[in-house]
Amino acid sequence: MAHSLRGKTAIVGMGTAGMGEAPGFSAMELLGLSVHAALDDCGLKLGDIDAVFAATSSHAFASMSVVEYLGLKPKFFDSTNVGGSSFEMHLLQATLALEAGLCDTALICYGSNQRTAGGRLVSMSEPQWHETPYHPRHPITAYALATARHMHQYGTTREDLADVAVAARGWANLNPEAFARGPLTREDVLGRRMVSDPLTAGDCCLVTDGAAACILTRADRAKNFPKAPVYFLGAAGANWHRSIQAMPDLTVTAASDSGPRAFEMAGITHSDIDLVMLYDAFTINTILFLEDLGFCPKGEGGRFVRDGRIAPGGELAVNTNGGGLSCVHPGMYGMFLIAESVAQIRREAGERQLDRADIALLNGNGGTLSSQVTAVLGSEAAL
Amino acid sequence: MTDDPAMLGPQQAYEAWLGQGRFMLQKSRSSGEYVFYPKVMAPSGAIDLEWVEAAGTGTVYSITVNRRREGSYNVALVDLDEGVRMMATVAGPETVPIGTRVRARIEAAPGDGGIPRIVFDPIEEA
């Protein structure tokens, strides 16, 4: 029997703003522009929004700040901040609130100007007292430790990691909105400056500006909008730790728990999936999530991504916008997993459009491989 | 302020022990499990935690070198023989292989009034 939440809500409006570089704009201004774009996309007005879901790296009370800036009076609001996975969690929270009848039109939104504001990752993440004496660099130290362990335990190589970055660039080269475009070879990635062994600058995501927003309604209303609805099919979160010191096994993320539950809610198996959107803050993420979400056995992720398997023309379409590695990464990238899934499912993805794009699997990642939220979105054909 | 670290909350107690030159871990009297970082409760839920001297030996679980213009240093995760993991650094070499056996020592804080920290030295193969 289908899960009671499956297909009950849909994204009817999607908007982005300030992708890449947006000099002169604040994070909230970019967020506001993306909300305007999302409303424009579905023909709704600000006054129609009666629920706000928001998280940013620069607002302690994100939904409160958004409500004030846009002049909203929502009946339901939520600022759940689980890092870059916040927005996949918001999809689930918004679906719960909509389905319970607590609201009718939900806004999920995010904005950041971290590139033009300083060019460094902006984070409100507080230092962990038991790690501070060793001066870890947030967040790369944690991801480098996970990478080193995966290489030690499974024989994953720096070449495998580089292939993830090369595949992402291949997709970015088909996306005019991607920030990093142009040829990129395995040797290029390997030859970049070493930042935190074994990760070079080429293994790290971009630091860009960017904002994105989407509008969700109950499915019964979703067909009354100009664009084809993108249905919520399932979502689940899992969270086992906060700081990397407390991650039980650095080669196994909580996506191994959230993934199966999201699959179950959506009633899908791997062969149903047309698009895989994985939060690639670092090249190791893609490898870990492919394993933990069951696309290959644990430890085989490095070999799985070799020789263009996840690049354009490969067997599995992964991060078709170019990912956090080559498209956009304003600090909390999770909202852009949704934006690309919507673009593909609506067949608005231009040169990178997949032949079949009815079901997308998204995996948001927050903190230091900490919070994992898996979501499944689909077209009407997927219902 | 008491002189007995055992009267303090776990974080301050751990740091106070280090200030006294002792590397102490919490252990549950009932379950025998060790806890790190120090907390008011063990993963099992037990709160009958007492402070015991750490053996000080462990194995490098993972390690990275943070490369900076001002000087590079390694950051490691060390699995202590008691079965708990801590973030630390391996003193001396730029880095060591995962699996290297290491021994803890207390390193004084760089400035006055700071909290000392645990660092690890590789154990020379016999």
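This is a predicted model: local features need pLDDT of at least 70, side-chain atom pairs count only at pLDDT 80 or more; totals for chains, interfaces and linings use all residues.
Helices (H or I, at least four residues) and strands (E, at least two) are DSSP runs, numbered from the N terminus.

On α6(A), the contact (C-beta atoms, placed from the backbone, within 7 Å) is made by A:Asp160, A:Leu161, A:Val164 and A:Ala165, and on α10(A) by A:Thr283, A:Ile284, A:Thr286 and A:Ile287. Five of these residues are nonpolar, two polar and one charged. Ala, Val, Leu, Ile, Met, Phe, Trp, Tyr, Cys and Pro count as nonpolar, Asp, Glu, Lys and Arg as charged, and the others, Gly among them, as polar.

Chain B is assigned domain 1 (1–53) and domain 2 (55–126), with bounds from an automatic or database domain assignment. Their centres, taken over C-alpha atoms, are separated by 21 Å. Nine residues of domain 1 and 11 residues of domain 2 form the contact. On the side of domain 1, α1 (10–19) and β2 (34–35) of chain B each give two or more residues; α1(B) provides the largest share, three residues. This side comprises six nonpolar, two polar and one charged residues.

Residues are numbered from 1 along each chain as its sequence is written, and chains are lettered from A and ligands numbered from 1 in the order in which they are written. Local features need pLDDT of at least 70 and side-chain atom pairs count only at pLDDT 80 or more, while totals for chains, interfaces and linings use all residues.

Key: Two residues are in contact if their C-beta atoms, placed from the backbone, lie within 7 Å.
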